[in-house]
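This report describes a single protein chain, from its secondary structure to its charged side chains. The sequence and structure are shown first.

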Amino acid sequence: MQNKSIEIWVGIFIILGLAALTMLAVQVSNAGGATGDTFRINAHFDNIGGLTEKAPVMIGGVRVGRVGEIAIDKDSYRAVVGMDIDARYDNLPADTSASILTAGLLGAQFVGLQPGADDFYLEAGDRLEITQSAVQLESLISQFMFSQRQPEDSEEQ
């Protein structure tokens, strides 16, 4: 009888542990999605790097929304990023800018918003005019390598 009781408690402990790990995995992967009302704003970028749908949209490190859709503008062939912003942040100035940033050196990419100073606020369907595309690590390394290399002719003179 005592063995059966221990087996039941071990089973309950394992089930609770698996439930806790599942909840942790959902929180870390941000699979929960946006909660509550949102409104969509769009921004055009030349290069979005590795930005994905459901990536966070942040202001000063605080998540204010998520990337809802990524598409290509058929006329300009630029990437269009649709961002679903939580309705409680409905007071973003109309001249807010958007940049694609990376969390850490090799972390995931997200959209960083920098509020402007306009008296008018963004509304659903508005387009951000000021954008900065993702920085390509390969191009930075290439620029650094070529800037460090000096022509041999300049050393001889």
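The sections below cover the basis of the model, the helix, the sheet and the salt bridges.

## Basis of the model

This is a predicted model, in which local features need pLDDT of at least 70 and side-chain atom pairs count only at pLDDT 80 or more, while totals for chains, interfaces and linings use all residues. Residues are numbered from 1 along each chain as its sequence is written, and side-chain values use heavy atoms, with hydrogens and water left out.

## Helix α1

Helices (H or I, at least four residues) and strands (E, at least two) are DSSP runs, numbered from the N terminus. Helix α1 spans residues 2-28, and its 27 residues reach 39 Å from the first C-alpha to the last, close to the expected 39 Å (1.5 Å times one less than the number of residues). None of the 27 is buried, so α1 lies largely in the open; buried means under 20% relative accessible area, exposed over 50%, and partly exposed in between, with a 1.4 Å probe and protein chains only.

A nonpolar surface patch is formed by I6, V10, F13, I14, L18, L21, L24 and V28, with about 830 Å² of accessible area together. Such patches take residues with over 30% relative accessible area and no salt bridge, nonpolar side chains (Val, Leu, Ile, Met, Phe, Trp, Tyr) being joined within 5 Å and like charges within 9 Å; areas come from the Shrake-Rupley method with a 1.4 Å probe. I6, in helix α1, is partly exposed at 46%.

## The sheet

Eight strands form an open sheet in the order β7-β1-β4-β3-β2-β6-β5-β8, with mixed pairing; two strands pair if DSSP finds at least two bridges between them. The edge strands, each pairing on one side only, are β7 (127-128) and β8 (130-132).

Strands β5 (residues 97-102) and β6 (residues 109-114) run antiparallel and are joined by 6 bridges. I100 has V111 in β6 as its bridge partner.

## Salt bridges

The count of salt bridges is 4, each being a side-chain nitrogen of Lys or Arg within 4 Å of a carboxyl oxygen of Asp or Glu. R40 and D84 form one, with their closest N and O atoms 2.8 Å apart. R40 lies in strand β1 and D84 in strand β4, so the pair ties together parts 44 residues apart in sequence. D84 is buried at 19%, whereas R40 is partly exposed at 27%. A network of salt bridges links R40, E69 and D84.

R78 and D46 also meet in a salt bridge, at 3.0 Å from N to O. In the pair of R88 and D86, the closest N and O atoms are 3.7 Å apart; R88 is exposed at 62%, and D86 is buried at 7%.
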